[in-house]
Amino acid sequence: MNNLEMSEKARPLLNAVIKHIRENVDPITEEFYRLGEGRADRWSYAPGQLELLETAKQKARDNGLWNFFLPNAETGEGLSNLDYAYIAAELGKSPLASESLNCSAPDTGNMEVLERIGTKEQKEQWLKPLLRGEIRSAFAMTEPDMASSDAKNISTSAVLENGEWVINGEKYYISGAGDPRCKIMITMVKTSPDAEPFRQQSQILVPIDTPGVEIVGPMHVFGHDDAPHGHMHIRFKNVRVPEENILWGEGRGFEISQVRLGPGRIHHCMRSIGAAEKALDLMIERGLSREAFGKKIIDLGKNMETISRAKIEIEAMRLMVLKAAKAMDTLGNKEARIWVSMIKAMVPEKVCNIIDEAMQVHGATGISQWSPLSGMYTAQRTLRYADGPDEVHHHVIARAEVKDYQSSNARTDRARSEIATGRTRSGV
């Protein structure tokens, strides 16, 4: 658990990823977003945008830099979670890097589910084009009228009628559903309302163009609609999909979530390390390039200490993320859930603080469209809700800790009792 070194096999891949981002992604990023400005249809890509991105994707494929996120799988490189942690941190420094390597959320989680538990037909229809980077996908779980942090509350219903699931309900903040390339949603539904609480939910594949799927519009995050990716508000009105679209069988929605959410949470935290490093670089660059009150900004107030604290926090977070990744590799996703909850509760909050400090050093520019920091902050602040809010993860951690303490005390009490009983019986 404490050997957190990257494997020798993965080191050349990490170097190749860094080179790919520097040579093929960074040079197109500004132009990609410039082309998208002022487009008539916000929920499309402007001419030339996808061509730029596809060029970077093809270069990644040509160099074997593709589908790194599936640990111990035949698909892609089959990297360990620990090895991928090092690579994902580099991806977090660039807004286009992950997609250029086909390692973007929510596709990564959806592909992992299909890879692990999908039927042959489901893999043929949906996994293969996702693995080739030809389509995008979404995961539809959160509901506007329910406290969705408790997934038992999910109320979107799916009833089996004549070999079809009939789905009715409402979802919101469905990330990626605005992208015109999004073709499939894995949808969390209630299929068995009379079963025990953790057997009521199922997950069903719903093509986004199925009749009855109504994309109401985008939810905004700090006033931004994040077009064309989007975080969509969706209604399901008598949506009919074939019975065989269910994943892994009726009532197994929570089990599937364990397959999906553990890796998804750690991938977010891995990329967040890169975002924090990027924010620190921007903070230092700004501090060295501007002067006020006769000094460089970096020398004013406590800015040097701010930089120091940011570096310390980044390295502490990195060690925690690597430890969580190693736990997943050695213990398995279920047993490592406490480690994953620890980093999910810690990392986005601390990265938010680092980005906030970087914005402060930038002055008004730091919260403007001239700097990437405001968008970075928005993404990290949103991550404190995504895949479980902070409070849920703190509860998971504390509950396990209390349970361990009680078990340990119970063992101690038993041992003391046995010693005392033995003394009494021996007449001592």
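Reply: A residue is buried under 20% relative accessible area, exposed over 50% and partly exposed in between (1.4 Å probe, protein chains only). The model is predicted, so local features need pLDDT of at least 70 and side-chain atom pairs 80 or more, while totals for chains, interfaces and linings use all residues. Numbering runs from 1 along each chain as its sequence is written, and side-chain values use heavy atoms, without hydrogens or water.

Start with the rings. Rings of Phe, Tyr and Trp (its six-membered ring) pair if their centres lie within 6.5 Å; planes under 30 degrees apart are stacked, over 60 edge-to-face, the rest tilted. The model has 5 aromatic pairs on this count. Take Tyr172 and Tyr173: their ring centres are 5.0 Å apart and their planes meet at 65°, so this pair is edge-to-face. Tyr172 is partly exposed, at 23% relative accessible area. Tyr173 is also partly exposed, at 32%.

Now look at Phe222 and Tyr377. Their pair is tilted, with 6.4 Å from centre to centre and 45° between the planes. Helices (H or I, at least four residues) and strands (E, at least two) are DSSP runs, numbered from the N terminus. Phe222 sits in the loop between strand E6 (213-218) and strand E7 (231-242), and Tyr377 sits in helix H10 (residues 373-383), so the pair ties together parts that are 155 residues apart in sequence. Phe222 is exposed, with a relative accessible area of 54%. Tyr377 is partly exposed, at 22%. Elsewhere, one aromatic cluster is made of Phe32, Tyr33 and Tyr45.

Go inside next. A nonpolar core is a set of buried Ala, Val, Leu, Ile, Met, Phe, Trp, Tyr and Cys residues joined through side-chain atoms within 4.5 Å. The largest one holds 87 residues, and Phe68, Tyr84, Ile87, Leu91, Met317 and Val347 touch the most other members. Helix H7 (residues 253-289) gives the most to this core: 13 residues. Follow Leu91, counting contact as heavy atoms within 4.5 Å. Beyond four places in sequence, Leu91 meets Val17, Ile21, Tyr84, Ala97, Ser98, Leu101 and Cys103. A separate core has 20 residues, including Cys182, Ile204, Ile208 and Met232. As a general point, nonpolar side chains tend to be buried together in soluble globular proteins.

Strand E4 (residues 182-190) comes next. Of its 9 residues, 7 are buried. Two strands pair if DSSP finds at least two bridges between them. Strand E1 (residues 136-140) runs parallel to E4, and 5 bridges join the two. Here Ser137 stands opposite Ile184 in E4. Strand E5 (residues 201-207) runs antiparallel to E4, joined by 7 bridges. In that pairing, Met185 faces Val206 in E5.

Helix H6 (residues 120-131) has as its buried residues Gln122, Trp126, Leu127, Pro129, Leu130 and Leu131. They are covered by parts that include helix H5 (107-117), E1, E4 and E5. Just after H6 comes Gly133, with a positive phi of about 75°.

Asp107 is buried, with a relative accessible area of 4%. Leaving out residues up to four places away in sequence, Asp107 touches Leu130, Ile135, Arg136 and Ser137. Ser137 is the residue that stands opposite Ile184 in E4.

Step back along the chain. Pro106 lies in the loop between helix H4 (97-100) and H5. The peptide bond from Ala105 to Pro106 is cis, with omega near 0°. Asn102 lies in that loop between H4 and H5 as well. Its phi is near 60°, a positive value in a residue other than glycine. Asn102 is buried, with a relative accessible area of 7%.

Finish with other loops. Pro228 lies between E6 and E7, and the peptide bond from Ala227 to Pro228 is cis, with omega near 0°. Phe293 sits in the loop between strand E8 (291-292) and strand E9 (295-296). Phe293 is not a glycine, yet its phi is positive, about 55°. Phe293 is exposed, at 81% relative accessibility. Asn162 lies in the loop between strand E2 (157-161) and strand E3 (164-175). Asn162 is exposed, with a relative accessible area of 81%.
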